[in-house]
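Subject: A structure for you to look at

Hi,

Here is the structure I promised to pass on. Please open it next to this email and follow along as you read.

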Amino acid sequence: ELHEAMSVAKKANLAKSDFLSSMSHELRTPLGAILGFAQLIESGAPQPTTSQKRSVDQILKAGWYLLDLINEVLDLSLIESGKLSLSPEPVSLADVMLECQTMIEPQAQGRGIRVSFPRLETPHFVKADRTRVKQVLINLLSNAIKYNKAGGTVVVSCVANTPGRVRIGVEDTGEGLG
């Protein structure tokens with residue numbers, strides 16, 4: 001029975017790998033077209049208006065972020081094997097928060113939710129994998145908006161109480177887990 005169970009698990013793992021590989025192609029193809037057209041609009045003639053430029057920049061930023069996430073899904077097997085590589089580097093929390101704010105604003109506006117980010121008087125840099133920090137923050141913000149009440153609020157905080165540590169908090173006016 002153990003041998004049969006191991007065989008079934010191995011087949012399931014191979015099926016998962018095939019699925020992820022196929023899904024990667026299926027997601028990358030239309031995303032490549034989106035990024036390509038956005039880049040054409042950005043560099044085309046006539047030049048986009050300021051408003052159009054902001055929209056195109058948002059498309060490009062979100063598209064590149066989505067491509068990073070697709071690559072992360074493909075790294076699932078690396079995660080499972082404990083071989084996921086991180087790229088720790090000095091990361092400006094103000095820059096990451098601004099990028100996240102830009103990406104999350106349309107979702108919040110669509111639900112009438114006000115999101116406030118802190119003004120960081122002192123620049124905070126952390127040694128972290130920028131993509132992972134952004135991924136975690138976007139996930140927290142998306143959930144805070146998704147599970148919030150219409151017209152609610154989301155407050156992001158950034159506090160450095162302990163030397164060498166920075167705490168980022170995301171608080172919302174949703175019902176919570178009750």
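Below is what was found in it, topic by topic.

This is a predicted model, in which local features need pLDDT of at least 70 and side-chain atom pairs count only at pLDDT 80 or more, while totals for chains, interfaces and linings use all residues. Residues are numbered from 1 along each chain as its sequence is written, and side-chain values use heavy atoms, with hydrogens and water left out.

Let's begin with the inside. The largest nonpolar core has 22 residues, and Val-115, Leu-141, Ile-145 and Val-154 have the most contacts within it. A nonpolar core here is a set of buried Ala, Val, Leu, Ile, Met, Phe, Trp, Tyr and Cys residues joined through side-chain atoms within 4.5 Å. Buried means under 20% relative accessible area, exposed means over 50%, and partly exposed is in between (1.4 Å probe, protein chains only). Helix H4 (93–110), H5 and E4 each supply at least two residues of this core, and H4 gives the largest share, 7 residues. Helices (H or I, at least four residues) and strands (E, at least two) are DSSP runs, numbered from the N terminus. Leu-141 touches Cys-100, Ile-104, Phe-117, Val-154, Val-156 and Val-170, leaving aside residues up to four places away in sequence; contact means heavy atoms within 4.5 Å. Apart from this core lies another one, of 7 residues, among them Leu-31, Leu-35, Ala-38 and Ile-70.

Next, have a look at Asn-148. This residue sits in the loop between helix H5 (130–146) and strand E4 (153–159). Is Asn-148 buried or exposed? Asn-148 is buried, because its relative accessible area is 6%. Its side chain reaches the backbone nitrogen of Gly-174 at 3.2 Å, which is a polar contact (a pair of N or O atoms within 3.5 Å; within protein, one must be able to donate a hydrogen and the other to accept it, and residues adjacent in sequence count only if both atoms are side-chain atoms). Among the residues that Asn-148 touches are Arg-111, Ile-113 and Asp-172.

Now for the charged residues. Side chains of opposite charge can pair when their charged atoms come close. How many salt bridges does a search of the whole structure find? It finds 4, a salt bridge being a side-chain nitrogen of Lys or Arg within 4 Å of a carboxyl oxygen of Asp or Glu. One joins Glu-42 and Lys-53 (3.2 Å, N to O), and this pair links distant parts of the chain, with Glu-42 in helix H1 and Lys-53 in helix H2, 11 residues apart. Lys-53 also meets Asp-57 in a salt bridge (2.9 Å, N to O); both lie in helix H2, 4 residues apart, about one turn of the helix. Lys-53 is partly exposed, because its relative accessible area is 31%.

Another salt bridge pairs Arg-130 with Glu-99, whose closest N and O atoms are 2.4 Å apart. Arg-130 is in helix H5 and Glu-99 in helix H4, 31 residues apart. Arg-130 counts as partly exposed because its relative accessibility is 25%, whereas Glu-99, at 17%, counts as buried.

Best wishes
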